[in-house]
Amino acid sequence: MTEGAATSDYALGEGGGPKSNKDRAAEAAGYVKSKGNEIIEMAEAGPLPLRVLAFLGGIAMIAASIIDAVRGMWHLDVIHVMVSVYVCLFGALICVLEGAQFLPSRVTSVQGSLYNNARFLRFSWGRGLLFFFAGSLQFSHWSMLNCIVGTLMMLLGIVSILTGRRAANKLGDLRRAIPDESALQRQFTAHVSVDGFLDLENFTNLVGSVGLQFGQNETEAAFAAIDKDNDGQISYEDMKEWYQSSEADGMPFAQV
């Protein structure tokens, strides 16, 4: 089939006539549904962790909002341009929050200020709310590209909130598996690195040593909940503070 034929087929609906808005909406809905299922699968046990997906989603938000801003300026639509700028800023914020492994340290160093001024962003549920709000704002532009990117970000937001909930339950299990502070210190000492801290791998080994198994995204959410200063490592003081503040019947959801 030639390129022209493929383009013609794409532009035609059933019966050989031009595609209606209903046909295009059905195509977009089918695409979003398939991608949404892929995101949920990857968030559970797939090749990409949730934070990588969120970082890529932030980049997609920036690209789509720049295109929208140009279109809005062309049509002298001030409101459209303003909303596009807001979406672009939210996309950049998401990239900064989730892109520590991709961005220069100078850029990611602002994470500490963000966490101090908006503490809810430390937690999986808080970032999930940000994803959902930013995605809904982009969805409101109501073009196919914005609907796709906005819907995927809203789905990521829902998955982040659910991941935080599951991580909270798993941290409750971890709290119950460690009977007292003496056992906590023994576990910490047995798995700590030579620098005196637990990194993500050490923390995963500690969790496994008490007979528990966290998913990849649950591990990252739980690790971030205990790492109070967000420096990518857990000190014994961090661990002790978590242990003392959490209750034996489970970690409060708001803390993950």
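Here are some questions and answers about the predicted model shown above.

Q: What kind of model is this, and which pLDDT do local features need?
A: Residues are numbered from 1 along each chain as its sequence is written, and side-chain values use heavy atoms, with hydrogens and water left out. This is a predicted model in which totals for chains, interfaces and linings use all residues, side-chain atom pairs count only at pLDDT 80 or more, and local features need a pLDDT of at least 70.

Q: What pLDDT does the chain average?
A: pLDDT is the predictor's confidence in each residue, from 0 to 100. In this chain, 77% of the residues score at least 70, and the average is 79.

Q: How many helices and how many strands does the chain have?
A: Helices (H or I, at least four residues) and strands (E, at least two) are DSSP runs, numbered from the N terminus. Read from the N terminus on, the elements run α-α-α-α-α-α-α-α-α-α-α-α. The totals are twelve helices and zero strands.

Q: Among contacts between residues at least 6 apart in sequence, what percentage join residues at least 24 apart?
A: The chain has 256 residues, and buried ones make up 42% of them. Among the contacts between residues at least 6 apart in sequence, the share joining residues at least 24 apart is 65%.

Q: Is H11 largely enclosed by the rest of the structure or largely exposed, and how many of its residues are buried?
A: Buried means under 20% relative accessible area, exposed means over 50%, and partly exposed lies in between (1.4 Å probe, protein chains only). The buried residues of H11 include Asn217, Glu220, Phe223 and Ile226. H11 is largely enclosed by the rest of the structure because its buried residues number ten of the eleven.

Q: Which helix supplies the largest share of the lining of the largest pocket?
A: On a 1 Å grid over the protein atoms alone, a pocket is an open set of points with protein on both sides within 12 Å along at least five of seven lines, a cavity is a set where a 1.4 Å probe fits but cannot get out, and lining residues have an atom within 4 Å of a point. The largest pocket has 19 lining residues, and Arg51, Ala100, Gln111, Phe223 and Gly232 lie nearest its centre. Helices H4 (78-98), H6 (111-117) and H11 (216-226) each supply at least two residues of this lining. The largest share, three residues, comes from H11.

Q: What volume does the largest pocket have?
A: Grid points are joined across faces, edges and corners, and a volume is the space filled by probe spheres set on the points. For the largest pocket, the volume is about 510 Å³.

Q: How much space lies in the largest cavity?
A: The structure holds one cavity of 30 Å³ or more. Among the residues lining the largest cavity are Leu50, Arg51, Glu98, Phe131 and Glu220. Helices H3 (50-74), H7 (124-139), H8 (144-177) and H11 each supply at least two residues of that lining. The space in the largest cavity comes to about 120 Å³.

Q: How many disulfides does a search of the whole structure find?
A: A disulfide is a pair of cysteine sulfur atoms within 2.5 Å. The search finds none; Cys88 is in no disulfide, and its nearest cysteine sulfur, that of Cys95, is 9.3 Å away. The number of disulfides is therefore zero.

Q: Where is Leu76, which has a positive phi although it is not a glycine?
A: Most residues other than glycine have a negative phi, and most peptide bonds are trans. Leu76 has a phi of about 55° and is exposed, with a relative accessible area of 75%. The place of Leu76 is in the loop between H3 and H4.

Q: Is Asp68 buried or exposed?
A: Asp68 is found in helix H3. Leaving aside neighbours within four places in sequence, Asp68 is in contact with His80, Ser84, His141 and Asn146. At 2% relative accessibility, Asp68 counts as buried.

How values were computed:
Contact means heavy atoms within 4.5 Å.
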